[in-house]
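Here is a short report on one protein model.

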Amino acid sequence: MPLFLNNDDVEKVITMKETMEALELLYKEMGQGVAVAAPRSDVHSPTAAAASAEGPMAHYLKSMSGASPHFGTAALRFSSDIVAWRDFGGGIRREKLPMLPGNRWMGIVLLFSTANGELLAIMNDGVLQRFRVGGANGVSTKYLARRNADSVGLIGSGWQAGTQVMAVCEAREIKKIRVFSPTKANREKFAKETSEQVGVEIAPVSSYEEAVKDVDIIITSTNSRKPFLGKRALREGVHISAMQRDEFDDEALLSCKPLVLHTHATENNVTSSALAHFERDNFKLRDHPSDRGIDWKSLPTLPDLLCGRIKGRETDEQITGFVNNIGLGAQFAAVGAKVYAAAVAKGLGREVPLDWFTQDVHP
């Protein structure tokens, strides 16, 4: 019978080490054309919650899927959110609002067996999502940062930032991290809690500039939809690890040799015409609302790097970069398979009747 695994169940068995190991296998499969991932689908439609909103707001239905022959699994991940784009400190930040009863969000991963099509598990996507994002950046750091890199400048202190720290510490022997985020209490709390978790000194600082000065690795982990870091933040030999495509500006990104993209897949974006009044100047109502001056399709991808189709870092002086531009459903197939196996072994989760999901006719 399928297992239902909530975020607490997932958190009991998932590790960053195993997440990165699973993703490395997956990216090699993808580089060979064996593993597959469909483009993400984004649907934006009007929401009653926008009646009193000052800025753009929409219902956002997101879905992605993919399969990994190595793990024998396929996954479908979907989420249903109310999103808002808000001015924040001179930039644009997208926020997913907890509108469900109890201030909660909706996100589900369905994990299937590719042997017979069986539904193996239904999982909350929160913890799984957090680890697979951090893990992707961690894999890129393992292949692109200098071998002796030991200092990190981190921008952002939200929930996703924690796994970015776990991943960089898995990829390199990190000795010191400086973190900046706009709210002093948030960065101080994050520094204290995360430092204890990873066993590395994390110092909260009061500016972007102080966080990234003279470090070996720069990590951005924000909801920014407007670039805020430029080329002057980069020193010789640094590796930049961006969780979003809109954190470093074009000049900074194009200074990286190589600059590696997560994937060439792009969102299949569908937006209701009833939301057209929100679109003005360079702003479009979508996940990343502003156009950039980079030909993303011309860049190599993480699967290209892991398969050896491109060279990674060749000298300590190179500036290298990774942009985690969009997620892939196949990540949930790979990491979800590890989580499912560990949960079964530990007797976690709740069984759900299989006949709820099967039928004796085929449409």
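S181 is buried, at 5% relative accessible area (buried means under 20%, exposed over 50%, partly exposed in between, with a 1.4 Å probe and protein chains only). This is a predicted model: local features need pLDDT of at least 70, side-chain atom pairs count only at pLDDT 80 or more, and totals for chains, interfaces and linings use all residues. Residues are numbered from 1 along each chain as its sequence is written, and side-chain values use heavy atoms, leaving out hydrogens and water.

S181 sits in the loop between β10 (176-180) and α5. Helices (H or I, at least four residues) and strands (E, at least two) are DSSP runs, numbered from the N terminus. Leaving aside residues up to four places away in sequence, S181 touches G156, S157, N186 and R187. Contact means heavy atoms within 4.5 Å.

Helix α5 (residues 184-198) packs against helix α4 (residues 159-171) at about 35°, with the axes 11 Å apart. Axes are lines fitted to C-alpha atoms, for helices over the stretch in contact, and angles run from 0 to 180 degrees between N-to-C directions. On the α4 side, the contact uses A161, G162, V165, M166 and C169. F190, T194, Q197 and V198 come from α5.

Strand β13 (residues 239-242) is covered on both faces. H239 and S241 are buried on one side, I240 and A242 on the other.

| Partner of β13 | Bridges | Opposite residues |
|---|---|---|
| β12 (residues 217-220) | four | I218 and I240 |
| β16 (residues 320-323) | four | G321 and I240 |

Notes. Two strands pair if DSSP finds at least two bridges between them.
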